[in-house]
Amino acid sequence: MTIIIPALLALICGVVLTTQVGSNTLLGKSIDNPYIPAAVNMVTGLVFTALLLLIVHKSPPSVEQLRAAPWWTWLTGGFLGTAYLTGNILLAPRLGAGALVGLVVTGQLLFAVAADNYGWLGFEPHHATIWRGLGCLLMMVGVVLIAMY
């Protein structure tokens, strides 16, 4: 029962992500430039995140906490976020929403199972099992069906 609310929130995040891809793609088509929406998205995200920080009003991290974070974590999120957004904006018109999201989620799932198995990126190890492998295979089959039909 304790997983139901987080699972529903995760499903809502999926709706939000697909809506973000669609709105950014539509903006790119409207202005005939697929790269500007990624910049608009990041600037808008910065503004809303700054507002969220003001609302939540949690004390800022200490200098020791800032230094403790691996150097690459300060750059990776923004770089990968831009690559992800721009890639989605460019691929959505070619693949359609269903195939694009299915492929993105399948890529996330395959990498997540590997990251869990090896404890990459600070994740606690959750070993890959035959059942996780079967789940990945079924996901890939589902995405192929969505992409083809």
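Predicted model: local features only at pLDDT ≥ 70, side-chain atom pairs only at ≥ 80, totals over all residues.

Residues are numbered from 1 along each chain as its sequence is written, and side-chain values use heavy atoms, leaving out hydrogens and water.

**Helix 5**
- Helices are DSSP runs of H or I with at least four residues, numbered from the N terminus.
- Helix 5 spans residues 97-118, 22 residues in total, and reaches 31 Å from its first C-alpha to its last. That is close to the 32 Å expected at 1.5 Å a residue, where the expected span is 1.5 Å times one less than the number of residues.
- Its buried residues include Ala99, Leu100 and Val113; buried means under 20% relative accessible area, exposed over 50%, and partly exposed in between (1.4 Å probe, protein chains only).
- Among the elements covering these buried residues are helix 1 (4-30), helix 4 (73-95) and helix 6 (130-148).
- Just after helix 5, glycine 119 has a positive phi of about 70 degrees.

**Aspartate 116**
- Aspartate 116 belongs to helix 5 and counts as buried because its relative accessible area is 16%.
- Leaving aside residues up to four places away in sequence, aspartate 116 touches Phe123, Glu124, Pro125, His126 and Arg132, where contact means heavy atoms within 4.5 Å.

**Threonine 82**
- Threonine 82 lies in helix 4 and is partly exposed, because its relative accessibility is 35%.
- Threonine 82 and leucine 138 are 56 residues apart in sequence and 29 Å apart in space, C-alpha to C-alpha.

Conventions
Helix = DSSP H or I, 4+ residues; strand = E, 2+ residues; numbered from the N terminus.
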